[in-house]
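Hello,

Here is the structure I promised to hand over. Please open it first, then read my notes below.

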Amino acid sequence: MLVPVAHGQSVDELQAQISALLAQIQTLQSQLTTLQGDSPAPSLPSFTSDLTVGSKGDAVSNLQTFLKNEGADVYPEGLVTGYFGSLTKAAVMRYQDKYADAVLAPLGLSSGTGYFGAGTRAHVNSRLAVATPPPSVTPPPSTTPPPSVTPPPEVTPPPSVTPPPAAAAGLTVALDSGNPSGSTLVADLTSGQGAQVLAEVLRLKLTNGDASDAKVTSLKLHRIGVSADSDFANAYLYDGATRLSDSASVTSAYFTFSNANGLFTVPAGGSKSVSLKVDLANGATSGKTFQFGLMAAGDVTANATVNLAASFHGNEFRTAQASDLGQITLTNQNPSGATNVDAGTTNYEAWRFSAQATDQKVELSYFKFTLVGTADYDALQNFKLHLDGVQVGSSAALMNSDKTLVFDLSGAPVTINAGVTKQVSLRADVMKGSGRTFRFRLAEAVDVVAKDLGYGVNIKANQADVYTLIQGGGDTTINSGSLTITKSSDSQSSNIALTATGVKLATFDWKAVGEDIKVSTVTLQIVDGANSFTNIRNVKLLADGLQVGTTAATVAVDTNQAFSAGSSFVIKAGTTKKLDVYADVQSASGAADAMAGSDTFTVRLIAGSANALRQSAGTTLDAPGSNADGNSLTVSAGTVSGTLNSSIANMTVVENAQNQLVGSWLLTAPTEQAVDVTSLTLIDRNNGDSANAAYGLGGPLDALVLKSGGTQYGQTINSPSTVSGTTQVFNLSTPLRVNAGQSIQIDLYANILSNANARWTDTDRVRVSTLTATGIVTNSSVSLAAAVNGQAVTVSTGAVLTMANEVSPTMPTAGWLVSGDTGVTLAAWKFSADNTEDVKVTRVQVLEDGTDDLPGNAKNIKLYVDGVQVGSTVPAVTNGSSNTALFENTTAGLFTVPRNSNKTLVLKVDLTDNTNATFSADGSDLRGNLNVTSGAATATTNVSAKGATSGAFATLAAGVGADHQGNNFKVVKTRPVFALCETEGSGCAAVTSGETLVPGTVEVFRFSVTAHSAEDVVFNGTNHNLRLTVTGAPSAATAYNFDLYDASTNTTVATQVATATASGGFVDFSTVNTTVPKGTTKTYYVKAALNNFSAIGNSFQLSLKNAAADVSFSDGTASADLSAANFVGWGLPLDGETLVKP
């Protein structure tokens, strides 16, 4: 019955009455559901999207509510969590099975799938659409309140609170539009096995209408419903995923959060959403209900006026119990007790614990580690989290300054199956912290976020209401710091230039680990390499570019020299400083033995003695612990070396050519310094290199130009001297820089004079005799180590062009051509140029010289080079004493043959069609020819060409013989193409393997004939034959009967013949009577009587060869019988399959 409201009651009494009223309302709602029967609640919205395992949100909550309303046979658990897990999937499957005819049958399914897709969604929406409110329910008489008591108004769920349209002055508090829908929170049926945690049950929106930020220092939230304070283990405030508070203090249904420094701040003119998340207490029973809200403006403490239109509470949540709620148990594994680690250790396992999942598959998405101990937050760096040895999440370079470290795995959470234990390892580099300690822990319950994937709810780590600290088993102590000194990988190793000043002699790496280390003195020694120089000048030390101590004006060799570092040489823990040693590469003035070229020495750091101090531990150490040597260095007086550029071959140039390369060299600077070349001298030189050439460089050459990298250096030398042995000097107004130890290419170009051949002996060359250069480091003169000759140069009066037949398959093999075919390759020739210059071919005249003298069978004659047509198409061959086709372009040329290379010229023609072609009895001969006479080309020779540079006619070299004839072709109206087929096959199947011989009359050979599309191939039954050759080894030379059959009709097409079957014998079908229509293929086979082939291993084989006597047919030409005559293109010969008696 309804509980009456009395006046003068206490707050606790009123609260109890409210709770009783809410419970009664819940009972009435249950009765209402019962009266509605199978009809779902009409208040649910329609569903618009598919849902499946892993889906979240209001749509899932609505689906769970719908399924719950369907009854216990569909959703016995009745949980409304907003997460689509295994229980929701099972409920959907039951619903689909319940309405299988409407949901499953149209899809051809016999059982539910658990996927809430289009078909199931449509059925649910149709039921929602027809749902009607139940008839009015009259409460039982006993529920009528007494007349003296005013009954409570009708209780309905509170509507969503709409935020005020505009921010009022002060801080306005209301329900957020994203306030969570009511759902069910789950606790395990066994009290000690955990309950749901971090469930969002309320979301507030605080709007600041003031011009200054509003800081909230206290927030008191109120709980109503059939529940108790003890049903909640913890409660927290969150801003999104950020926790704002520790767990609330709870008294008489009020959950209070306080922080004098501020829980959170609402910006001026802005707003903030704040969520309440709760941990359900272990053992919380089913059927509890609760709502959280705000009762009064005074429950919010802030530095601004708080506005609250009216008290409010969020949506109602319920509790339920499950016997298999997931569990996650974390247990320390390493370290098990106190331990030590050296500073500088990388990828160190700072902590490892096990994670065991029970009852359900568990997801881990968040860890917050806290470092405790004396180590600073930056002592350990480069953190990585591993799960069973595999890194998860991103690396973290550094902890937060409060010694916390977060790994947020929500973007790619890790999972542990029920019953499985995995190892979680935190690894880091120990950078510093000598003598300090550290231990890692998960300090609070919220430092681990774990989710039961079966129920889709967060669960407690280690299942306890009161969190027990999870941490390493003991402190780890970082050992004292150390200092490592080694020669740097980039320490000077190349030669150093004599007299150079301020040269880096050596570099050493000083690496501190564990703690900062200060070095007070550094002692070095110049170790003489037995060259006995006395001393070296101006030695100084630089640490990372800053000088350490003062410069030593003179340092004697093999003597210790100490440098006082003062307080400036400090190496920070985990870092490396580079200590450079500099000096002048020269001895002090008046030294008894001054430093000279080829002297060698080494810079040595001398072992220290308590000359370094650990800044944390306060103890000393030796720096270095033992002597450390740099590289052995050699003093170089320094010269530029010159060499012939081997990538440029000896060269041939042609008279009158302009800007020709006549020499190429490499200049290499000494390794110790770069040089600037300011002049370079050239001279003529003969091949014997014992005297100058017959003429000076001006005899054959003019306009000398020196280049490097395409840029001219120095002046152009015009009209150089013709006198042998006269030098030519290039003065470089812009010096040519050659970097230390590097090489550059220099090239000499010149114009070739018209009489150069007479003034230059072949293989004479140009020599670089001297150069002048300045060292960049020493600023002193550097010379050429030795004179160097260029390439041998040969002067030619013109290029040579050689013609020859191309080889097969570029030169086509003799064959049969069918009239009307187009783009037929008739011949191909190779044109080769010598090394003088590129050759431009301007004229080519080809001949048709078939013995039948029928040039009219070819038309549209074309030439191709590199697949591209050159010259114009010649419509027809000129018929005369020589049948010719002329191609000519005297201006641009037909094509160019690069020097020392070749090009292939291809002749193609179209064949005249049957109507206009002329045919001989055995096919009309057609052949291409290139007739070339050796000697100088002219404007009218069959081939004419000029040098691309000189413009002079090239010399033609015809090769072997003047005629370069292609192969002879036969032009016919049609032709057959033969192909071998599988014996005893159907039609013409591909041949696979040998066949078995069965004594008797059997098929022994099968082949196909394809007629060209131009005309039929006719075997007229009178004088056309097919002759087969016996190529196997029969058992006896006995006559056997052979028949030729048309496979399409299985009728004979040749008279029966009796032939001895000895190897090499013939089976000649002399009167073949069949026609293969044009463009089609027919299949034929041969049968033979092989009765005597009874012994194991007996074999038999036939072949169709391509001798003239093997095939004859008619192409439709009057009185013309054609034979293969060894021409290609027919597919012959065919070697049949070997039949073997098993």
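Contact here means heavy atoms within 4.5 Å. This is a predicted model, in which local features need pLDDT of at least 70, side-chain atom pairs count only at pLDDT 80 or more, and totals for chains, interfaces and linings use all residues. Residues are numbered from 1 along each chain as its sequence is written, and side-chain values use heavy atoms, leaving out hydrogens and water.

Start with Phe-438. Leaving aside neighbours within four places in sequence, Phe-438 is in contact with residues including Val-341, Tyr-348, Leu-371, Leu-380 and Ile-478.

Next, the cores. A nonpolar core is a set of buried Ala, Val, Leu, Ile, Met, Phe, Trp, Tyr and Cys residues joined through side-chain atoms within 4.5 Å. Buried means under 20% relative accessible area, exposed over 50%, partly exposed in between (1.4 Å probe, protein chains only). The largest core has 70 residues. Phe-438 is among those with the most contacts inside it, as are Phe-369, Leu-380, Phe-383 and Phe-440. Strand E18 (residues 348–358) gives the largest share of this core, 6 residues. Another core lies apart from it, with 44 residues, among them Leu-926 and Leu-930.

Now Arg-927. Arg-927 sits in the loop between strand E66 (924–926) and strand E67 (928–931). Strands (E, at least two residues) and helices (H or I, at least four) are DSSP runs, numbered from the N terminus. Arg-927 counts as buried because its relative accessibility is 16%. Its side chain makes a polar contact with the side chain of Asp-849 (3.0 Å). A polar contact is a pair of N or O atoms within 3.5 Å; within protein, one must be able to donate a hydrogen and the other to accept it, and residues adjacent in sequence count only if both atoms are side-chain atoms.

Best wishes
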